[in-house]
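Subject: Structure handover and notes

Dear colleague,

Please find the structure below, with notes on what was found in it. Please read the notes beside the model.

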4 protein chains.
Amino acid sequence: MGARLIDSLVTTEALSEAFSDAAVLRAMLDFEVRLAAAQAQLGLIPPHASAAIARAAVVDTFDVESIAHAARASATPAIAFVQALTARVRTTDADAAQFVHWGATSQDVVDTAIALCLARARTLLADDHAHLVRALITLSETHASTVMLGRTLLQPATPVTFGLKVAGWAAALVRAWSDVAAAFEETLVLQFGGAAGTLAALGTAGPDVQVALAASLQLACPDAPSHTQRDRMARLVCSFAVYAGALSKLATDIALLMQGEVGEVSERGGRSSTMPHKLNPSGCAVVLASASRLPGLASSCLASMAQAHERAVGGWQGEASIVRDAAQACGSALSAAAEVIDGLTVSPARMRANIEATGGVMFAERATFLLARTIGRDAASRLVTDAVSTTRASGTTFRDVLASMPEVTRALTADELASIDAPESYLGAAEIFRQRLIAGATSSLAP
Amino acid sequence: MGARLIDSLVTTEALSEAFSDAAVLRAMLDFEVRLAAAQAQLGLIPPHASAAIARAAVVDTFDVESIAHAARASATPAIAFVQALTARVRTTDADAAQFVHWGATSQDVVDTAIALCLARARTLLADDHAHLVRALITLSETHASTVMLGRTLLQPATPVTFGLKVAGWAAALVRAWSDVAAAFEETLVLQFGGAAGTLAALGTAGPDVQVALAASLQLACPDAPSHTQRDRMARLVCSFAVYAGALSKLATDIALLMQGEVGEVSERGGRSSTMPHKLNPSGCAVVLASASRLPGLASSCLASMAQAHERAVGGWQGEASIVRDAAQACGSALSAAAEVIDGLTVSPARMRANIEATGGVMFAERATFLLARTIGRDAASRLVTDAVSTTRASGTTFRDVLASMPEVTRALTADELASIDAPESYLGAAEIFRQRLIAGATSSLAP
Amino acid sequence: MGARLIDSLVTTEALSEAFSDAAVLRAMLDFEVRLAAAQAQLGLIPPHASAAIARAAVVDTFDVESIAHAARASATPAIAFVQALTARVRTTDADAAQFVHWGATSQDVVDTAIALCLARARTLLADDHAHLVRALITLSETHASTVMLGRTLLQPATPVTFGLKVAGWAAALVRAWSDVAAAFEETLVLQFGGAAGTLAALGTAGPDVQVALAASLQLACPDAPSHTQRDRMARLVCSFAVYAGALSKLATDIALLMQGEVGEVSERGGRSSTMPHKLNPSGCAVVLASASRLPGLASSCLASMAQAHERAVGGWQGEASIVRDAAQACGSALSAAAEVIDGLTVSPARMRANIEATGGVMFAERATFLLARTIGRDAASRLVTDAVSTTRASGTTFRDVLASMPEVTRALTADELASIDAPESYLGAAEIFRQRLIAGATSSLAP
Amino acid sequence: MGARLIDSLVTTEALSEAFSDAAVLRAMLDFEVRLAAAQAQLGLIPPHASAAIARAAVVDTFDVESIAHAARASATPAIAFVQALTARVRTTDADAAQFVHWGATSQDVVDTAIALCLARARTLLADDHAHLVRALITLSETHASTVMLGRTLLQPATPVTFGLKVAGWAAALVRAWSDVAAAFEETLVLQFGGAAGTLAALGTAGPDVQVALAASLQLACPDAPSHTQRDRMARLVCSFAVYAGALSKLATDIALLMQGEVGEVSERGGRSSTMPHKLNPSGCAVVLASASRLPGLASSCLASMAQAHERAVGGWQGEASIVRDAAQACGSALSAAAEVIDGLTVSPARMRANIEATGGVMFAERATFLLARTIGRDAASRLVTDAVSTTRASGTTFRDVLASMPEVTRALTADELASIDAPESYLGAAEIFRQRLIAGATSSLAP
């Protein structure tokens, strides 16, 4: 009963594997095996018990379906899982069976298992992030001086460089990743508190077991269990959502630049089932489809934070599915974005052509500021507005129209007039900004 | 790579099956087979082609994994699916292969397949809804005169009946279901528009094929295709969310009533892994966990409605996963709620005991209104406020305190005073309201 | 302390007024005045009390600031409001003061006041909806045969008509409005239940007062109070969100069509502060900005449905602000969309030019289907794919390329070849679909 | 047209003021005045112009209503605002009027104004946060050894201390605030990029003006403008949402502990309009009502991140209202929570009584672990399960039942048996965990 057809656009194969039944089961078994090992080492349970538990922890021998089925009766898969493990241990060492899950509670094993699955997801996401940012840095450097239309409210504004646009994407992803990484750091902690979060069943040994177990699982050891303080998980999901939001900006830009009428970039793209002339921004579609899942998932996770007392009725029990979906959708968007950038074709010629197609009126602001030096902004505005109208009515260029206006030729030098519509000469601080952003992105990747 | 461990609390087995790869593939094949049949009947494609396509449409022979893998390259599973079907048809009838997916577009087959999966979900949800409402009607009738504390802001207010509380649950579910049913009615439509929604490849035959195909698939035939008008699907997901919200109110009430300190009802419940004395509101936990997914899913679906032109880059491609999750989470909450109600134990004695434990001060409003008839509300309020304080300070009952106050005994009859803390005599219109609500719920189930 | 600068893009002046302090206060006073009148008529309170309460209910004499300030202490503005009204009544009729808010609870007056404010919003929205749909019907009829590029994934697909695109907008709005209207019908109900929803303080007279009060306020009378069953309000907010989603599709299309490089339509638009050549899709920006608020508001309203017992701690107390924001944002989007359509300029010439600019390759599907009749789809696909490549490489037209291919000229008639890139002849069922959609929209406006 | 009645529960007076028309206008004027001053200092505009602009920048002389009205036509209040300022400057210095808003774009002034308003909000929130955390630390210390029921799934589990519960609240708030503070640090930046984000109108002087202006406004100077990279704002709103989520956990716990049947704590609370015996958790209601707004606001902000090119159509124009609502709702929840804690009454006696009311069965886990040492867990479990049943059936205590079971008296010492239901002796690491959490909270407040 897989769901790959519906899920294929909102997860990747590696991230499906990271949260698969096998992966979750392996993580739950890891928790129990290492818990027993730590307790044996501290003399709380007999060594043979720890050994027997380790021997029984073979993923393939568990019947996931029946554990999942039983989960609904107790609102957690942990109880049926512990029973199955216990039964398995009992077959080889009846005494050892009594020490399975010793002093732990259901939420301990589930929360920790999810943290272990997230640790795997972190690696996958981090690799793709670094790959994507590296590719964006290269792309930005390549197109440091490739001029193109700046577009505000989807209308031609003043020129920018493609290198600056790409640097903006990279910088946002770097900022967002910095928060994802910090959130992972905080979230990949051991959950181990026992029935009510005090580890009372372990007497005074609780904190020692906690420290040893965390180290063994390569998870951080928190100050205290946090069965009903879900800020860490909510923050992680929010950080995924911000990151995916930054990806969605990149994909929106590319899909718009790839429009038939614009044609400035092209991803490798996908084909249509019936239209051989089409090349679709399929990668961008996957980015945007995946990213569209995140805001809602973040809101679900946030709305579930009002959890009662020492273990909630409801908020917690749905969290794993939300966190999993969020990690997968974020990773799916990231993976698709990396492929888009890896295969991106850029057309500097079309970028310049689209500038020229404006007839030069996009340099109206520039003309206004140049004229304003000598005749004041009000007069300059009036002149330029007239020139824009004339340009549009006549089908000639803004430069020619300006050259025909005596008030203009008096106020501008011949050089200024000649280069009035040269995009290279109206880029302001574009390259300074680009270099700063790329420097930040580059240093973020340093080891 | 199933995900039953994580998903077990937010879907049911039947709903997992309804959107499984097998179910989706079957639905996609149904679309193609019946499309070919309709076109053959209308003379658009040769009969042998239709027959060959039908022969090739055997679910088990498709490699779902490779279709899902390929889906990411074109942002839809449809292209790889159509190629796989075509290849399969070609092995028996090369000419027929040319008529696979004739005149249709990728979104046609995907949208229609999801509609077919949703039709199955509708049946599952409708059955559970009817079962639950019937159980609630019975429960309400049984407890028509079972008095209990009304609680506002979690504090004792004036008395209500358990029957009224249950009737309130039922009525909200009936209202919400009426909207779910209407939304299903609108959403279970054929999608068939071809490349840009005009069915141009079929010449003038498009509308006839549309009508025949819809009838064959038992879906409604809409006025026109709606590739980028997603209001129907958004409305359906919202209706699931409202329905699940109504379930979450029911589950909240039950979990609160089942608290150790309250003890007025109990679901069959789940056991703790380490605490034998515990009986948990596990069913309520599943209801609330599942319901907590819906608001976020609704917001995702709504936020994806801004779809460009004739097919979107992004909004649509993530929709199926959202709709699937919403149907499953709603159904999971519903199924759990039905089990909770089926196994509910009610303790009228404890309900009465909790009323008595207030010492009668919860009848302060009643006393005020009775006294106000003769001494005015201001004086009544002062007297009653004093009586409440005295009751609390003395540990005696409110009735005894009132009986000791001459201003009170002058104003109330002996009968009034004697029954001042009889909950049965301060229920106002509770039974009238209950009967109206139950009448509405009952008639909603009529065939 | 108004907030018009920040709110100006997400509400209208009329909708600000509909939920202003004055409007809310007037509605609360209406509730109390008509409650007293109904109770006087039924003999529950003395006639002079009703008269005194009516006399005291003068909006301008209340100190809203102090009521709002006091609201935080009791988690409702109702208590301070009732105290203020009572004090005001007392100045003219001390006895009457005792009958203010007789038998009602805080939530009764607040919920009913919001319903009254929503009734005003309904009128505003309904008028704008009818205006917009009428304008869209006219626009669609005018452009019934105006051909334009169909665009899928932002790439040229096959042709459509602008009239069909507009009809799609209209039909979605009509469907969505039908749900808004139904949700209003269900939501504009009296809330009147007293302390715990039983109207116990009124003895047996509760239902009679309920009926009389509802009639007097021109609200529907529900079967029972529903202090903690919030499905009606959640459904209303969801219906606003779906409606706004349909508006956002319209605005997305228009903003994209208005791009400099596309230029097919133009709204009256807004000016830039520094760029005289610019005309911005400002109206679309307001539609999209307003619409972007709705999905989140819907999720908030939905997530608040799990309300405990007879009055919630928390879910209800924030609802009014959510519902108000939702009604205003929906109305703001609607009002802006109506202005966009009223001022829309359409350029059929540019639409045709953009079709021609594809060099005819957008008719590749058409050529394939025509050729397939005689040479089969596989061969046709190969030929057409070659022709598309040749067209793009050579800079000539698709028609000329096809005309130079003997396999093609053998298979197509001269007429077919001559009109292969005539968009009018490849519209399929566009006009049939358009007429069906417009017929539905038209009949939805019939009285 | 204020909206204090509806907004009173989701904002505070100070935060209403921080985003009021007056505050926004003042911030917008600040931007323009300091921009002119920086440009004059750098020799870009004449000193008299800067002086004239400063003179004209008097908040009270602007007609906010007409600016707000005009905002809808251009999708920003900035254009009408700049026109109004320019007109005002012109009355005293016509030449100076030409230098208003020199080189800036509408989004520059709006984004920066919102950042300035947020700086004020930061101070308000930071003060309340520090106050609340200090109060929680004190409360936790006071109740370090106050035992109470641990409750999981709302059922009695094993004992905890109230001090630990409070420490859990504090620690979550401290973690969440640390992210809010970091997000403020990143978000309180100058926005200054001109028409397309390159500051081209300022020639090469752009970056110098940027640095000087940021310093003058006490905002950080970012690497580059980020008109369409909204990750900072989205992250800030998410951090508010996580913080409010942590508050909602605290409020949920308190409202539950304050239930009539539990009675372990009490906030000062609010009164009912008709029930003198009631004391409502009104503060908790305000916390939860305010907090319920945040998840939806976060999702709206996140879903708006897909902004096109150099300035978006739609996503940005609605952002200010979302950010404002989020800051206010978070601050409202925080302020209410601080009042709740300041006025909290704790009843250690009732906490102990509720433990005793379980008859000791909540120590079943403890008994199991003690017995398991000698007879193994399986046998222990069976014995204890029997003892729990006997206790419940007989109405005696768990301790007495155990004492009557020979298998138990053989396995436990007399001391162990005597103290089997002493909560103090089954607290495990509660105090260690509490101290760690409080140490972290304390050090977070250090200057």
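Ala75(D) sits in the loop between helix H5 (64-74) and helix H6 (78-90) of chain D; helices here are DSSP runs of H or I with at least four residues, numbered from the N terminus. Ala75(D) is not a glycine, yet has a positive phi of about 65°. Most residues other than glycine have a negative phi. With a relative accessibility of 3%, Ala75(D) counts as buried (buried is under 20% relative accessible area, exposed over 50%, partly exposed in between, with a 1.4 Å probe and protein chains only).

This is a predicted model, in which local features need pLDDT of at least 70 and side-chain atom pairs count only at pLDDT 80 or more, while totals for chains, interfaces and linings use all residues. Residues are numbered from 1 along each chain as its sequence is written, chains are lettered from A and ligands numbered from 1 in the order in which they are written, and side-chain values use heavy atoms, leaving out hydrogens and water.

Chain A has a non-glycine residue with a positive phi of about 65°, His101(A). His101(A) belongs to the loop between helix H6 (78-90) and helix H7 (106-142) of chain A, and is buried at a relative accessible area of 4%.

Ala70(A) is part of helix H5 (residues 64-74) of chain A. Ala70(A) is partly exposed, its relative accessible area being 30%. Its C-alpha atom is 9.1 Å from that of Phe81(A), which is 11 residues away along the chain.

Thr198(D) is placed in the loop between helix H8 (162-187) and helix H9 (206-217) of chain D. It is buried, with 1% relative accessible area. Apart from neighbours within four places in sequence, the contacts of Thr198(D) include Pro159(A), Val160(A), Leu164(A), Phe433(A) and Gly193(D) (contact means heavy atoms within 4.5 Å).

Two helix pairs in chain B follow.

H3 (residues 21-41) and H4 (residues 47-56) of chain B pack at about 165°, with axes 8 Å apart (axes are lines fitted to C-alpha atoms over the stretch in contact, and angles run from 0 to 180 degrees between N-to-C directions). H3(B) is therefore roughly antiparallel to H4(B); angles over 145 degrees count as roughly antiparallel, under 35 as roughly parallel, 65 to 115 as roughly perpendicular and the rest as oblique. The crossing of H3(B) and H4(B) is left-handed, a term for a near helix turned anticlockwise from the far one by less than a right angle. Their contact has seven nonpolar, one polar and one charged residues (Ala, Val, Leu, Ile, Met, Phe, Trp, Tyr, Cys and Pro count as nonpolar, Asp, Glu, Lys and Arg as charged, and the others, Gly among them, as polar).

H10 (residues 231-257) and H13 (residues 319-342) of chain B pack at about 30°, with axes 9 Å apart, so H10(B) is roughly parallel to H13(B). This crossing is also left-handed. The contact of H10(B) with H13(B) has 16 nonpolar, no polar and one charged residues.

Last, the copies. Chain C is laid on chain B by a turn of 180° and a shift of 0.0 Å along the axis, with an RMSD of 0.0 Å (superposed by least squares on C-alpha atoms of residues with pLDDT of at least 70 in both). That is the relation of a two-fold axis. Of the interface residues of chain C, 99% are also interface residues in chain B, so the copies meet through the same surface.

Regards
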